[in-house]
Structures are given as C-alpha cells and as structure tokens.
Amino acid sequence: MRILANQDFLNRRAVVRVDFNVPTDDKFNVTDSTRIVAAKETIDHILKQGGSCVLISHLGRPEGKDPKLSLMNIVNKVEDILGVSVSFFPDCVGAEAEKATAELDPGSVMLMENLRFYKEETAGDLAFAEGLSKLGDCYVNDAFGSAHRAHASTTIMAQFFNEDKFFGKLLEKEVKAIEKVMELGEKPVLAILGGAKVSSKITIIENMLDKIDQLIIGGGMVYTFAKAQGGKVGQSICEEDYCDYALELLEKAKAKGVEVYLPTDVIIADDFSNDANQKVCKVGEIPDDWEGLDAGPETLKKYEDVVMRSKTILWNGPLGVFEFENFSKGTITLGEHIAKSTSVGAFSLVGGGDSVAAVKQFGFEDKMSYISTGGGAMLESLEGKTLPGISALLE
Ligand code: AMP
C-alpha cells in the first residue's frame, strides 16, 4: 500500500480527491462538516512537508452546472477547518485550470469546482480523467465514501500516475479497520447485523460467515427468522420470501462453526409509533395486532455476555427502531456494551448506514475503535467486494 507516511511531498503538487459532499442549508451554510474535518489530516501532512494541494470533489448530484452546488459555497468553511487560505478555481479541467494549478506555491491549497458539473465524471470518462491528472504531479485519494464508484476522479485517473498515487490518511484508516475485522481479526470475532431487512444484508451475512465466530442478528430481520422457525410475528416487518433462506443460513452458520444469537424476547408495540403501548414478549409469540420494534431485556443481557467476550466486533445496523425514543433502548444498550468491551481491549468497527447515525446520536463516537465514514463503500467492503478506487491505487 502506498501510504503518505512513506512519501516526500517537498515541492510536489498533489491532486487530492476528497469527499466534500457535505450537507448545506438553503443559505449554503455547511450543516455537517465531518467530511471536511476528516480530510484535514491528509492535507496538513502534504502542506507540512512543503507540498501543495489541489482539492477535487463532488457535491450533490447536479445535472450540468448548478450554482447551488458550486464548491465555491463551501470554500470559507474549508478555510476555517484547514486553518490556511484556500483559493477557489471555477472549473476542474482544461488549460486555464492547468495553468492556475501549475502556479501554486508550496504550502498552498486550491479547491476546484464540482467534478459532477461534467457528466464525464460519473461516466468514468478516460479523457476527462486524463485532464484531471494534469492538475498535479501526484494523486492522493482520500475519498473513501466514493471508493466504490469507478468514476473518473475516484478510479480512472489513477492510471495516469504510475507509482505516484497514494492512499490518503482517511482511506488508509478505513482500509486498515476493515482489514482488522475481515482478515486479521483477533478471535473471537463477532458480527452484529441489525437493520430492517434480511434481503438487503444477504451478501454481507454470506461473506461474514467465513470470517467470524459469532453472529448476532437483530432489528427487523429477526422476524423473518422467527417466522421461518414457526413463530408468530404479528404485524412485525417480515420477508416471507426469505424464510427458507433464513433457515438455510442458520444451517450454513452451524456447518461453519459460527454461533448465531437471535433474540429470545423483544419489545412489542400496538402501533408503529413512538407513543404506542409497549410490552415485553417472547419472540415467536407476538399477538396478531402487535409488532416487534426493539430487543427485550433478557436478549440484551445475553448480548452483553457475547459482546464482552469478543475481541473483534463489527456492528452494522440498529437493534430496533432507534428513531423512536421509546424503542431505542436496545440499540443504546448494545452501544454501551460495545463501548465497554472496547475499553478493555476489543477492536470495534461500526460501519454502514444507520448504526453510524445511532452511534453519533447516542454519544458513542469516541468510545468505538473506528467509525466508518463511508456508507455504500463500507457495505460493499463487508460484502467482500474489492472497491475500484482502492484497486486503482494498488496497480
Ligand atoms: P438498515 O438500513 O437496513 O440498517 O435499516 C435501518 C432501519 O431499520 C432503521 O431505520 C430502523 O428503524 C429499522 N428497524 C430496526 N428494527 C426494526 C424493526 N423491528 N421493525 C422495523 N424497522 C426496524
């Protein structure tokens, strides 16, 4: 892996693919700057060594040039966070852009206009990628959130740099965290897969079975398993088409020596709302008009034991409808257990979608070993796919 620590950036001009696809309000103020903060370490590293940075990114999904999605709107925020002055260039390819970037002094930063103003970006156009490659003399990819896309700036342009293409610090951390679970995980390795549906997690579950010792299945997925085992699930979310698959999966796990933990009790509700009446119920005995919305107390106690004896923990997907305060206890309690296990030496990775949102919302951000910044990219990694943006740097 060509990482930044092994490179010398003195007098070099790095084209850095960052992920500045940040949310903004209607006055174009950045409402969550996590992604800009996440790129700071890479940019600081290059500047400190006497290099300069040409930052390229997409913002939103523009159809052609759209002033509302201009990266000029966020340049002040980028300056604030980086603590250096950042110039903006109103295009991202072409002779003028090449001239402006060629004149950059060591230690300076230029932010280029939104890559997706050109449809060639998402099309992975070779000529466009070559144009981007002319903005610097080396390429650093730090956009993990886009690494699963074979776009011009995330993948295709890497081929124009021979050896001069590097993993940014964030990309390096993401890849190493995934590796730490999927390849180098200290045993016992535990995967906790929650969320709404079995159908959207099939490839992840299949891939994980070869890497883990224990599997906790939670969230809405539980009821497809419960139904498959002959239980009554009432109005709970349940994918009847996947019942056979659920049983097959339990067989596969058994054959591979993976211990599977399904809930024994759940919190049921008489309506899909925060204010619904609720009670504890055995998982396969849910009355007709009720539905399961969270993990029950006996289940959480059992999960605590499993989490505490694990040395490597992957968490993807909430244990219940955590968006409703009254049904968030399972997800919060699980977060507490993972935090506790992490504090006594386990490696914990939280990744992919809603579990990341939950961890942030409930204040566990600093208590996990690593929280992934990439939704889709993380999910594809867990499915065992090699991300095109990462392979392109390894070639
Ligand atoms: P996913 O994107 O597949 O990880 O699913 C996350 C969503 O699953 C969240 O919005 C949760 O509210 C939802 N979820 C978790 N448990 C349940 C449940 N028992 N019934 C319905 N939805 C659930």
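**Close-up views of a predicted model**

**View 1. Strand pairing around E8.** Glutamine 214 stands opposite glutamate 259 in E10. This is a predicted model, and the views that follow show parts of it. E10 covers residues 259-261 and pairs with E8 in the parallel sense, over three bridges. E8 is also joined to strand E7 (residues 189-193) by four bridges, and these two strands run parallel. In that pairing, leucine 215 of E8 is the bridge partner of alanine 191. Strand E8 itself spans residues 214-217 and is covered on both faces. Gln214 and Ile216 are buried on one side, and Leu215 and Ile217 are buried on the other.

View 2. At the E17 end, strand E16 (residues 347-350) is joined to E17 by two bridges, and the two strands run parallel. Valine 350 has isoleucine 371 of E17 as its bridge partner.

**View 3. The largest pocket, between two domains.** The volume of this pocket is about 580 Å³. Domain 1 (4-172) and domain 2 (185-382) both contribute residues to the lining, so the pocket lies between them. At least two lining residues come from each of helix H1 (34-48), helix H6 (169-182), helix H12 (354-361) and strand E17 (370-371). H1 gives the most, with five residues. By residue class the lining divides into eight nonpolar, eight polar and eight charged.

**View 4. The second largest pocket.** This pocket holds about 430 Å³ of space. It is lined by 33 residues, with Gly195, Ala196, Gly220, Pro318 and Gly320 nearest its centre. Helix H8 (222-228) and strand E14 (291-295) each supply at least two residues of the lining. The most come from E14, which gives five. The lining is made up of 15 nonpolar, 12 polar and six charged residues.

**View 5. The cavity and alanine 38.** The count of cavities of 30 Å³ or more comes to one. About 40 Å³ of space lies in the largest cavity. Its lining consists of Asp19, Arg35, Ala38, Phe144, Gly145, Leu170 and Thr373. These divide into three nonpolar, two polar and two charged residues. Alanine 38, a lining residue of the cavity, is placed in helix H1. With a relative accessible area of 21%, alanine 38 is partly exposed. The C-alpha atoms of alanine 38 and leucine 293 are separated by 34 Å, the two residues being 255 apart along the chain.

**View 6. The loop between E5 and E6.** Two residues of this loop are shown, isoleucine 156 and asparagine 162. The loop runs between strand E5 (138-141) and strand E6 (165-167). Isoleucine 156 counts as buried because its relative accessibility is 16%. Isoleucine 156 and glycine 389 are 233 residues apart in sequence, yet 8.2 Å apart in space, C-alpha to C-alpha. Asparagine 162 counts as exposed, at 61% relative accessibility. Its phi is near 40°, a positive value in a residue other than glycine.

View 7. Most residues other than glycine have a negative phi, and most peptide bonds are trans. Asparagine 11 is not a glycine, but has a positive phi of about 60°. Asparagine 11 is placed in the segment before strand E1 (13-17), and is exposed, with a relative accessible area of 55%. The peptide bond from lysine 187 to proline 188 is cis, with omega near -5°. Proline 188 lies in the loop between H6 and E7.

Note on methods
Residues numbered from 1 in each chain as written. Predicted model: local features only at pLDDT ≥ 70, side-chain atom pairs only at ≥ 80, totals over all residues. Heavy atoms only, no water. 1 Å grid on protein atoms, 1.4 Å probe; cavity = no way out; pocket = protein on both sides within 12 Å on 5 of 7 lines; lining within 4 Å. Points joined across faces, edges and corners; volume = space filled by probe spheres on them. Nonpolar A, V, L, I, M, F, W, Y, C, P; charged D, E, K, R; others polar. Domains from an automatic or database assignment. Buried < 20%, exposed > 50% of the residue type's maximum accessible area, 1.4 Å probe, protein only. Pairing = 2+ DSSP bridges.
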